[in-house]
Amino acid sequence: MTIYSWSAKQAANDYDSFAEAYSASNETSLFNAYYERPAMLDLPGDVAGRRILDVGCGSGPLSAALRDRGAIVTGFDSSTKMLELARRRLGDDTALHTADLGSPLPFPDAAFDDVVASLVLHYLEDWTTPLAELRRVLTPGGRLIVSVDHPSIGLVQPGADYFATYKHSEEWTLGGHTALMTFRRRPLHAMTDAFTAAGFRINVISEPFPAPGARELFPDIFVDKLSRAFVCFLFFVLQAD
């Protein structure tokens, strides 16, 4: 486990502090633009006319892509700077809200056909209340589509215990700004137990291929055992019972 000493003035996971740099990187990075986001767009299938909530929408790239496919998108994020960028991208015809997944959400029951949670849940210590809220805002039979850090990531750290749930911190440097990011590592069974306890049926667990063109754009990454896919994110399609 990595532990850092960090000034109280520099809060962990403060996306406001590097929103522009993160958003710019997200547009073209291998892991976001050519792996995680294409998978999150493939998993729902045809979304035309479906009401979709984008959890932790950031600067709005996934919301924009879903809207381009005909979805009726609503997004929320806890970062006001990220939401400013999302509004610049999406304009006034997409509903965007400032909200925190750890608190009650500002939406009525059964308001959405699908919820997408792209690389969000692994920031949270407790999944019980957030999953209950996401289940509440879904229609019966609605889908929660999730991407999270792959549970095997922690195994590269000396002395790591795959079966433990623990806090991990690391520094990200983007655009000359360094930020402390803190995540919660969970084994697969802890994730699936949380989903089923919240009333979701697990329809899909996916470890997909990168998008076409990734190998040509990032040839240094695609060597030997990494030629098929990246063991960095895990994807779920869950159905509200």
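The structure is a predicted model, in which local features need pLDDT of at least 70 and side-chain atom pairs count only at pLDDT 80 or more, while totals for chains, interfaces and linings use all residues. Residues are numbered from 1 along each chain as its sequence is written, and side-chain values use heavy atoms, with hydrogens and water left out.

A pocket is found on a 1 Å grid over the protein atoms alone, as an open set of points with protein on both sides within 12 Å along at least five of seven lines, whereas a cavity is a set of points where a 1.4 Å probe fits but cannot get out; lining residues have an atom within 4 Å of a point. Grid points are joined across faces, edges and corners, and a volume is the space filled by probe spheres set on the points. The volume of the largest pocket is about 1,200 Å³. Helix α2 gives the most to the lining of this pocket, namely five residues. Helices (H or I, at least four residues) and strands (E, at least two) are DSSP runs, numbered from the N terminus.

A search of the whole structure finds one cavity of 30 Å³ or more. The largest cavity has a volume of about 130 Å³, and of the 18 residues that line the largest cavity, H150, P151, R185, R186 and P187 are the closest to its centre.

Helix α2, residues 30-42, has 13 residues and reaches 17 Å from its first C-alpha to its last, close to the 18 Å expected at 1.5 Å a residue; the expected span is 1.5 Å times one less than the number of residues. A kink of about 30° lies at E36 in α2, shortly before the proline P38, where the bend at a residue is the angle between axes fitted to the seven residues ending there and the seven starting there. Ten of the 13 residues of α2 are buried, so this helix is largely enclosed by the rest of the structure. Buried means under 20% relative accessible area, exposed over 50%, and partly exposed in between (1.4 Å probe, protein chains only). Among the elements against which the buried residues of α2 pack are α1 (19-28), α3 (61-68) and β4 (112-118).

L119 is found in the loop between β4 and α5 (128-137). Leaving aside neighbours within four places in sequence, L119 is in contact (heavy atoms within 4.5 Å) with N32, E36, S147, V148 and F233. Both N32 and E36 are among the buried residues of α2. Phi of L119 is near 50°, a positive value in a residue other than glycine. A110, in the loop between β3 (95-98) and β4, also has a positive phi, of about 55°, although A110 is not a glycine. Most residues other than glycine have a negative phi.

| Residue | Relative accessibility | Class |
|---|---|---|
| C57 | 5% | buried |
| L119 | 13% | buried |
| C232 | 13% | buried |
| A110 | 33% | partly exposed |

The structure holds zero disulfides, a disulfide being a pair of cysteine sulfur atoms within 2.5 Å.
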